[in-house]
Every structure is written in structure tokens, then in C-alpha cells.
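Visitor: I am new to this structure and would like to understand the words used for it. Could you show it to me and then take my questions in turn?

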Amino acid sequence: MTTQTQRIVITQTGGPEVMRYEDAVLPDPGPDEIVVEHTAIGLNYIDVYFRTGLYPAPNGVPFTPGNEGAGRVTAVGGEVTGLQAGDRVAYVGPLGSYTRHRIIKADIAVKLPDTIDDETAAAMMLKGMTARYLLRKTFDVRDETTLLFHAAAGGVGLIAGQWAKHLGATAIGTAGSDEKCATALDHGYAHCINYVSQDFVAEVARLTDGAKCDVVFDGVGKATFEGSLDCIKPFGLYASFGNASGAVEAFNLGVLSAKGSLYVTRPTIFAHIATRALLEETANDLIDVVSSGAVKIPIAQRFGLSEVAEAHKALEARTTIGSTVLLPNG
Ligand code: NDP
């Protein structure tokens, strides 16, 4: 029984206008697959990279963007166990979530407890599992840790600030406006530097009495790379996990010795959820901190799926705060 649906399609990479809303027909799920009717879809900065072509879509064009969704299972393949029609699920997965219904492999779906509503799930899975691996895998953040987190008022940033505080760390954030800094301070950050009006390197030195940070988490990239290295203690870590301002350019590794034997890593969420065991470890930890109230998921923007171009414009114009969800029925 095929499913009529609507989805976004990109036939040529470019600006927000390349995303077209169209009718589509979904085939039946394969034996190890399920059909999910989305009630909410997560908007992530990675969606911009695929839309512009900075990250090439693995199978080329045409493609449907989006790597995250939440909703209700409407059909399951013959070999699927543990899931049935009617279950509420969320997932992070391959491209293709900007659609009302989609087929996914059953083993990427996470069943949602009653404590997590669908919009929260769509707003937290990709960003929250990213915050989780950054703070608990990329660096073992503890109460003695001082960390710097760029774009602290963004989707990943607001989750990371609360989680870092929950782990006992001192989190310093950066953000592009005083309003964003005020929001970051309400979400776990001990300090927030407006890096548009202030020199964040000098401010980090001042706030830490010259001691600097154990680790810098940088999803901004090109604009913050150089200054970030000056915010790290000897033997500390620079974790580059995104390129909102552009990709970090090639650099001389000698700079890491000059700044005190620094470490650099460039992690991705997809390696951290590549097996069912890794996914469950990561997702369960996230669900626990959200269910307990230690981490709240602020959704400050909602757009209808057919208005996704406006959502991308807002994200790229730096006018969003926290998470943004796309509503197929909005
Ligand atoms: P955000 O909500 O954080 O939006 C990006 C933010 O980056 C903006 O709000 C803005 O905040 C800041 N920014 C700084 N310079 C620019 C610029 N030139 N253009 C646009 N934005 C800029 O997005 P997400 O929470 O979705 O993602 C945050 C980062 O994390 C992204 O780089 C994303 O790609 C990365 N990421 C990486 C993952 C991984 O596993 N490697 C997984 C998930 C996300 P401000 O105005 O305060 O500067």
C-alpha cells in the first residue's frame, strides 16, 4: 500500500530558493524498514551545508534534505521487531527528513517515552546527541573543567551549556548579540562573551585570570579558529565540529606546538551513533537528562515545512536562538 506524501526536493544546490515543495509517492517499506509519519522535523545547520553544496549529498541531486525527524510509525517491514504501527519515534539518519512521510531503517529509530513530546524530540535528537558526545566523549567534561563553547545561544549551544553545568563544569559561551548572551546565561553558561562587540580571546584571558580553557568547542569555524587556539591551556583540546562561518582553512601543524602542545579533533555525530549500541548509549543519556529536567530544549522558532526557505534564511542570518522545528502540517 503506497503512501501519498509531500516533500522538499533540491535538484541544484544553491540558496534557500532551491528547495521545492512537491507531491510524492512513497513505496512500501523493505523488510528491515519502517514508515514514519513526521509530526516535527529538526532544522540543523548541516542542512545548510548540504543545500549550498559545501557537503556534497552522497547520491548527488536530486535529494531531499534533512537528517532528523520525529513522529508516528505507520507501517513496519516483515522482519522488524520491537516496533509497531502507532509507536512514537525519533531518529537521526541519512538525508531525506524534509518530508511528511519517509522510510527509514528500523534500527535508527528511538522509541520516545511519554516525557518527551514530538516537537522536543525533533528539536533535540541531532543537537542533543552532539552536545552529549562533545561533552562526554570528545572531552571528558568534569567539575574541574573550564570550557569555551562558541555560538552558545544556538541549537547545540543552549543544550551544551545546560549539560556542561549539569556535569559541574564552568562553561564560557560566545554569542553574536547581548540578547543571545542573556539567553546563554539562562542556559548554564557561567559567562557569555558577545564576540561581535568584544575580543573573545582577551575576555577569556580575563575571565580565567590568564589560565585559559581546557577545551574549546567550535561550531563556527573559519571566523573563530585562530582566536580559539589562544584560549586553550597547554595540552588542551580544540574540537572543531562545524563551519557556520565557513570551513577552517589548512594550517601549519607547528602552530599546535607553539601554543603549548595542543590537540585538535574534528568529530561528527554520525561516527558516534554508527552502531545500535552507540546510538542507544548516546540517545538514552540524552533522554535521561531531558526527562529529569536537567537539560531543557528551547524551541524558539517553528516553520511549516513548505516555508523551509524562510527557516534557512533565518538560520543563516543568525536570527534564530536555540532549536528550530519544521512542521509538516504547519
Ligand atoms: P546554530 O543554531 O548554532 O546556528 C549557527 C550559529 O552560528 C548562528 O546562530 C550564529 O550564532 C553562529 N554563527 C557565527 N558566524 C556565523 C555566520 N557567518 N553565519 C551563520 N551563523 C554564524 O546551529 P546548530 O545548533 O544547528 O549547529 C551549530 C554548529 O554545530 C554548526 O556549525 C553545525 O554544523 C555544527 N554541528 C556539528 C555536528 C557534528 O557532529 N559535527 C552535529 C550538529 C551540529 P551567533 O550569532 O551567536 O554567532
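Visitor: Which residues do ring pairs link into a cluster?

Guide: Ring pairs link Y45, Y49, F50 and Y55 into a cluster, where rings of Phe, Tyr and Trp (its six-membered ring) pair if their centres lie within 6.5 Å. Please keep in mind that this is a predicted model, in which local features need pLDDT of at least 70 and side-chain atom pairs count only at pLDDT 80 or more, while totals for chains, interfaces and linings use all residues. Residues are numbered from 1 along each chain as its sequence is written, and side-chain values use heavy atoms, with hydrogens and water left out.

Visitor: How many aromatic pairs does the structure hold, and what makes the pair of F149 and F217 tilted?

Guide: The structure holds 7 aromatic pairs. In one of them, the ring centres of F149 and F217 are 5.6 Å apart and the planes stand at 35 degrees; planes under 30 degrees apart count as stacked, over 60 as edge-to-face and the rest as tilted, so this pair is tilted. F149 lies in strand β8 and F217 in strand β11, 68 residues apart, and the pair therefore links distant parts of the chain.

Visitor: Why is the pair of F149 and F241 called tilted?

Guide: The centres of the F149 and F241 rings are 5.6 Å apart and their planes stand at 55 degrees, so this pair is tilted as well. F241 sits in the loop between β12 (232-240) and α7 (254-258), 92 residues apart from F149 in strand β8.

Visitor: How do you know whether F149 and F241 are buried or exposed?

Guide: Buried means under 20% relative accessible area, exposed over 50%, and partly exposed in between (1.4 Å probe, protein chains only). F149 has a relative accessible area of 1% and is therefore buried, and F241, with 15%, is buried too.

Visitor: What joins strand β8 to strand β11?

Guide: Strand β8 (residues 146-149) and strand β11 (residues 213-218) run parallel and are joined by 3 bridges; two strands pair if DSSP finds at least two bridges between them, so these strands count as paired. Within this pairing, L148 stands opposite V216 in β11. Strands here are DSSP runs (E, at least two residues), and helices likewise (H or I, at least four), numbered from the N terminus.

Visitor: What is the order of the strands in the open sheet, and which are the edge strands?

Guide: The open sheet of 6 strands has the order β10-β9-β8-β11-β12-β13, with parallel pairing. Its edge strands are β10 (191-194) and β13 (263-265), because each pairs on one side only.
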